[in-house]
Amino acid sequence: RCKNLSVSFWNSYWMLPSDVCGMNCFWEAAFRYDYMKTHPTEKMHLAVVACGERLEETVTMLRSAIIFSIKPLQFHIFAEDQLHESFKDILDDFPYEGKVNYTLYPITFPTESAAEWKKLFKPCASQRLFLPLILKNVDSLLYVDTDILFLRPVDDIWSFLGKFNSTQIAAMAPEHEEPRIGWYNRFARHPYYGVTGINSGVMLMNMTRMRRKYFKNDMTPVRLQWGEILMPLLKKYKLNITWGDQDLLNIIFFHNPESLYVFPCQWNYRPDHCIYGSNCKEAEKEGIFILHGNRGVYHDDKQPTFRAIYEAIKNYSFEDDLVHSLLQPLELELRKTMHTYCGRVYKVFIKQLTKSIRDLYGRRSKGR
């Protein structure tokens, strides 16, 4: 089995192309190593909100997080009551090797306005806005949508917390790289962050800072804390917002831009980055780090490149060899998608995945 290969053979056999990791990559890796070394026992907290038919999708996301991550993971799963037993049956059967724990929570909103929050955008979507208020004992948290797939360790995006300056409380990626196809800059009827807005499908939060901060706003000259600002924002903008809670986050960070750390597009790579031609330059250089299959592309034939990645991770067994059971069959499937715009750049979909697999086997070899 490949996991028994020596490090030297693995590195020579699976050596990545020279363009995958230049000096920038070297210094980022050095920073991550230093951060992990100084936070050796830190547990990474990951939250997701699942409602309706999102059980399988959520489990596949969690699988992708488990495969490559190094430090212990704590999953916070907010789900409708009827999904709890299914989550428990599946997750209890995962071979965690002692590095993963999970907690299931009901979907809860403030009592006096629960109905309004539930019907905002999609059922349960706005639950994420209340995570700093519900998880009061959690310092930092990575929130992801159910349609996220990790193609490198969670540790690497988690290390961005160490890059926050003294005013930053959260990190997200831009909604678009190319303003000509941007939604917010063309259609929004409310304030939004930056040139093209931000996408909240991957949101890293220092929740201690979020709970303490007093936010500037356009409703009152008085600054408001997180628990005070949400309902007034909804009341003011509910007739003007299209994407629900994401729009509210855009409004908040429009008025408080110093509070946001923006990470590059390969940490939240969506169909918009390739369906009109490749427009995420960072992914072209280093590969996709986190894949975001929004608009249901994992489950239809509109974007077969995204679906192929999803199916490969969904069907992968933890006991199987990642090269022969996941990577090699996946590349064959991706080659079949070259008739699409995303398929033409299919190599960006496996560039980082290849490196993550090499690094994983390297760690296993050193750990023997």
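This is a predicted model: local features need pLDDT of at least 70, side-chain atom pairs count only at pLDDT 80 or more; totals for chains, interfaces and linings use all residues.
**Exercise 1.** Determine the handedness of the disulfide between C51 and C124, and state which parts of the chain it ties together.

*Solution.* Begin with the sulfur atoms of C51 and C124, which lie 1.9 Å apart and form a disulfide. Next, take the torsion about their S-S bond, which is about -95°, so this disulfide is left-handed. Then locate the two cysteines: C51 lies in the loop between β1 (44–50) and α3, while C124 lies in the loop between α5 (114–118) and α6 (131–134), so the pair ties together parts that are 73 residues apart in sequence. Finally, C51 and C124 are both buried.

**Exercise 2.** Decide whether C274 is buried or exposed, and describe its bond to C342.

*Solution.* The cut-off for a buried residue is under 20% relative accessible area. C274 has 0% relative accessibility and therefore counts as buried, and C342, with a relative accessible area of 1%, is buried as well. The disulfide that joins C274 to C342 has an S to S distance of 2.0 Å, and its torsion of about 85° makes it right-handed.

**Exercise 3.** Describe the largest nonpolar core and the surroundings of F75.

*Solution.* The largest nonpolar core has 77 residues, and F75 is among those with the most contacts inside it. The greatest contribution to this core comes from helix α3 (residues 55–68), which gives 8 residues. Turning to F75, and leaving aside residues up to four places away in sequence, its contacts include L46, L62, I66 and Y102.

Notes. Residues are numbered from 1 along each chain as its sequence is written. Side-chain values use heavy atoms; hydrogens and water are left out. A nonpolar core is a set of buried Ala, Val, Leu, Ile, Met, Phe, Trp, Tyr and Cys residues joined through side-chain atoms within 4.5 Å. Buried means under 20% relative accessible area, exposed over 50%, partly exposed in between (1.4 Å probe, protein chains only). Helices (H or I, at least four residues) and strands (E, at least two) are DSSP runs, numbered from the N terminus. Contact means heavy atoms within 4.5 Å. A disulfide is a pair of cysteine sulfur atoms within 2.5 Å.
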